[in-house]
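Colleague: Please pick one part of this model and look at it closely. I would like to see how two pieces meet, and what surrounds them.

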Amino acid sequence: MTGSRGATLFALALLLPAIVYILIIVAYPLVDTFTLSFTDASLRKTVKWVGWANYQKIFGGDFATIIVRTFVWTFFSVAIKMIIGTCGAVLLNALVPGRALFRVLTLPPWIVPMAIGIFMWGWMYNGQFGMISGVLQNVGLLDRPLAWLAYGGTAFWATIITDVWIGVPLVTLYLLAAIQSIPKDLYEAAWTDGAGRFYRFRRITLPLIVPALVTMSMLSLIATFNSFDIIWILTQGGPNGQTTTMIIDTYKTAIGSYKYGEGAARAVMICLFLSVFCFFYFRVVSKISTGEAK
Amino acid sequence: MRHYGTLLAGSAVVLATMTAPSFAEDKTVSMIQCGDAIAETYPDLIKKWEAANPGFKVNVEIVGWAQCQDKITTLAAAGTPVGLAYVGSRTLKQFADSDLIVPIPMTDEEKAGYYPHIVETVTFQDQAWGIPVAFSTKALFWNKALFEKAGLDPNKPPATWAELLSDAKTIKEKTGVPGYGLPAKTMDNTMHQFLHYVYTNDGTVIDAEGKITLDSPQNLEALEFIKSLVPVSEDGPSAYDQDDMIKLFSDAKVAMIEGGPWVRNQVSKDIQWGVAPLPVGPKAKGPGTLLITDSLAVFKGTGVEDQAIDLAKLLTNPENQFLYEKTHGLTPLRPVAGVDGLVSEDPSWKPFLDGIAFGGPEPLFLDYKGFQNAMIDMVQSVVTGNAEPAAALTKAAGAIDQYK
Amino acid sequence: MSSGRPMIDRYRWYEYVAIYCGMALFLTFVLAPFVEGFLVSLKPLTHLFSSPYRFWPDDGSFDAYFTMWQSVPLLGRYIVNSLLISTVATIAVLILVVPAAYAFARFRFPGAGALLGAFLAVNMFSGAVLLIPLYRLMRSMGLLNTYFAMIVPGVAFLIPSAIWLLRTYMLRIPRELDEAAWVDGASRFYILRRIILPIAGPGILVVALATFIGAYAQQFIFALTFNSKSEYMPLAVGLFAFFGKERVVWNELMAASFVGIAPVMVGFIFLQRYLVAGLTAGAVKQ
């Protein structure tokens with residue numbers, strides 16, 4: 001039933017509503033952005049065609065630093081999410097009393113409106129009144145208040161930690177599902193052969209959740225690359241621009257300074273970089289998909 | 001095929017429900033006021049104005065400070081401007097240059113009614129582009145108890161930068177409490193704080209011809225002074241803005257802060273504080289302070305521009321404006337009869353009013369956001385130790401040239 | 001219980017210790033901000049900004065939970081708005097995604113891979129980048145300051161992951177089922193409605209839950225930009241407006257946040273088992 005003309009038409013009919021919707025709500029504004037990127041669009045009512053000027057301007061500034069920072073930020077955020085997510089999934093998978101409760105308690109960061117979660121973190125990072133600085137002082141690890149968002153280094157990591165916090169529940173849940181769908185007899189066979197718990201994790205669990213890890217990390221990568229709310233609410237890209245990622249830079253230019261043309265050019269650059277990512281993403285995913293179709 | 005039809009019809013319904021018709025509003029003067037609530041005096045005045053202008057309705061929307069300026073600009077940029085809006089006067093040049101607002105006719109008599117320098121904050125190309133509606137000057141607040149605890153004279157605030165620094169150092173050493181509250185967060189008031197030092201050291205940012213004068217010995221001293229304040233200030237200035245400073249000051253966690261007249265109402269009752277003119281730098285030729293105004297701007301393309309101007313003038317006439325200032329604790333814009341009474345009732349007004357004559361404005365830049373970001377970056381790079389003052393100043397001076 | 005458990009799942013005492021310690025560490029990270037938020041909601045405002053830091057407030061009280069109704073008079077409205085916006089968005093996403101996912105899972109047609117790629121590529125364009133053109137679009141559609149101003153763009157960015165999740169789930173449904181029906185003369189639409197949909201039920205539930213949360217948790221920037229009517233605002237933005245105040249009543253805001261998210265939290269405590277079960281059943285494979 002696949003491959004025939006009728007089937008193709010039917011498939012397209014099924015896809016049509018979604019395609020039309022995306023064309024209107026995403027593709028059209030995207031074309032708009034692309035066109036804008038070659039103009040000097042701003043608050044002024046007159047718009048002039050400026051060719052590549054906006055793009056030349058981008059590379060005249062500290063764009064290279066911002067790109068590198070965005071990649072480093074994204075890499076660490078995704079990597080930490082995957083590590084904590086894997087640990088969380090393994091722990092939640094353990095058949096110990098209370099695990100149903102633990103599983104419920106994992107979910108809140110994912111469920112609360114992001115902005116509210118971020119405001120709570122804002123309190124945590126406050127040097128004078130916040131929990132982290134306060135507790136560390138009480139137990140003697142800090143001898144004076146430390147405002148985590150005040151320094152480039154700590155602010156950079158603080159924003160990553162908050163991004164990890166928001167992303168971890170879904171990753172954990174997804175990996176837990178992956179672990180639970182591993183056939184039990186594999187473990188039993190290994191157990192019968194006398195393999196220890198850690199050995200079974202390394203030789204059975206880990207290899208078998210790699211596809212889930214790849215999928216999750218790639219999806220997470222795109223979302224993290226474009227992560228906006230966290231940095232914007234916590235630091236607005238500061239201090240001294242040390243948490244300014246590409247998306248923050250674009251927003252600052254387009255919405256913050258009303259340079260729609262320049263901002264659009266930056267937005268196009270983001271799309272370009274992500275396209276490269278996605279190219280590799282599909283290479284990996286299609287490899288896995290062909291493997292799993294059997 | 002019938003089934004395909006059902007699917008398509010279904011999606012058509014979804015799409016159709018998305019395009020609910022918008023209804024036209026006729027002859028409404030829309031107005032955005034920033035803040036928490038409408039000014040107490042406005043509803044009556046608006047009713048009065050509506051009665052005098054049949055056929056027109058005023059629709060006031062209150063938008064919180066955090067979103068207010070961006071919202072007003074977005075509306076204008078999208079071609080759906082608000083009739084009358086409360087904006088920082090620093091935005092007027094950009095709005096005017098972008099042809100988004102209309103000039104406000106102002107007679108010489110009207111201009112003469114204001115304190116000096118105030119009309120300049122809304123003037124660009126010899127025309128007024130907004131009506132001043134709120135105004136502030138800055139002064140130094142100090143905690144008398146902490147001064148005493150550190151062995152300093154609690155009734156003698158520092159008058160110069162050198163005294164400020166040595167007092168702050170003494171307090172930090174003797175009491176362990178940071179002597180000074182230095183805000184350097186990614187917020188507009190970080191730039192304002194820098195301008196305090198510029199204007200108390202005879203510095204300028206841009207001259208009357210539009211030449212950038214930022215990279216001057218005066219301003220280098222200002223930036224070096226900021227650097228010298230970091231060790232005696234609260235930990236991590238770039239995490240705190242001026243509002244945070246008020247809280248820290250209120251909790252006796254910093255001994256001195258610089259702020260506007262509103263600070264007087266927000267400091268905790270438990271703190272014994274005094275307020276004095278801003279300390280001056282080594283190159284000062286006299287006192288100085290930062291003078292900021294907010295304005296009512298009338299946007300172009302609403303069809304009710306004349307009505308909006310008329311309404312704005314009513315809201316800000318000498319009598320109504322003073323009442324508004326009194327209820328909100330704002331510095332008076334005009335030396336009206338009631339001002340003397342203000343000082344005798346509450347002497348803490350004095351440094352704020354005395355400062356007006358020596359005040360410098362927020363510099364008018366075409367791209368004020370670009371300018372502001374460059375200034376914040378400059379201050380933060382010095383505060384966090386990422387750059388030396390001289391290099392940061394030269395870099396910022398070069399960067400802001402494109403924004404003027 | 002434990003007597004029925006196979007030996008492989010028995011833990012030695014030190015393994016129990018390790019598991020519970022790890023769990024404690026993990027949950028500390030996950031829950032600490034909520035603890036902080038809760039403590040903030042208990043502290044009187046004057047105490048909030050005082051140091052040295054005290055973890056447990058000695059003069060803590062639940063006052064904020066009563067006084068907040070004056071500070072945030074529309075709180076009930078925000079809660080309802082949030083649920084309404086997320087529900088409508090979820091329904092719209094399902095209407096668009098179920099047929100699309102089925103098409104991707106079952107049919108080989110020219111350009112299928114590219115089209116799927118194009119859908120997923122939508123994820124690359126975050127709302128923040130497209131804000132200005134979207135604003136113009138919403139305006140020309142007359143949607144500004146309506147519920148739809150927040151729903152319509154939100155749906156577009158929820159479609160990609162939903163398609164991906166559901167397609168993966170549907171790939172697991174044995175092809176033999178629909179092929180048998182096809183041979184029996186059933187129409188394609190009948191197969192989708194009567195065979196695929198019931199089997200894909202758990203998968204659709206997972207997608208619905210994930211989409212609902214996506215819509216619920218991320219309704220911020222569109223609401224902030226495209227809607228200015230406070231009576232239509234979702235929870236996060238409605239509360240955010242109070243952060244812009246001259247004097248932020250933090251304890252009441254935190255209290256309002258907790259009360260605001262309570263309905264969805266409670267709902268999820270009951271539904272989360274389906275989420276994991278659904279993910280296990282199909283969306284993930286080795």
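Modeller: What follows is a close look at one helix pair, then at the chains around it.

This is a predicted model, where local features need pLDDT of at least 70 and side-chain atom pairs count only at pLDDT 80 or more, while totals for chains, interfaces and linings use all residues. Residues are numbered from 1 along each chain as its sequence is written, and chains are lettered from A and ligands numbered from 1 in the order in which they are written.

Start with the pair. Helices are DSSP runs of H or I with at least four residues, strands are runs of E with at least two, and both are numbered from the N terminus. The crossing is left-handed: the near helix is turned anticlockwise from the far one by less than a right angle.

Now the residues. Helix 1 of chain A brings A:Ala11, A:Leu14, A:Leu15, A:Pro17, A:Ala18 and A:Tyr21. Helix 4 of chain C brings C:Leu96, C:Val97, C:Pro99, C:Ala100, C:Tyr102 and C:Ala103. Contact means C-beta atoms, placed from the backbone, within 7 Å. Twelve of the residues in this contact are nonpolar, with no polar and no charged ones. Ala, Val, Leu, Ile, Met, Phe, Trp, Tyr, Cys and Pro count as nonpolar, Asp, Glu, Lys and Arg as charged, and the others, Gly among them, as polar.

Step back to chain C. It has 13 helices and zero strands. Of its 286 residues, 49% are buried, with 20 or more other C-beta atoms within 10 Å of their own. Take its contacts with a separation of 6 or more: 80% join residues 24 or more positions apart.

Chain A also meets chain B. There, 27 residues of chain B are in contact with 29 residues of chain A. Helix 16 of chain B gives the most to chain B's side, with five residues. That side divides into eight nonpolar, twelve polar and seven charged residues.

Methods:
Buried ≥ 20, exposed ≤ 12 C-beta atoms within 10 Å, placed from the backbone. Contact = placed C-beta atoms within 7 Å.
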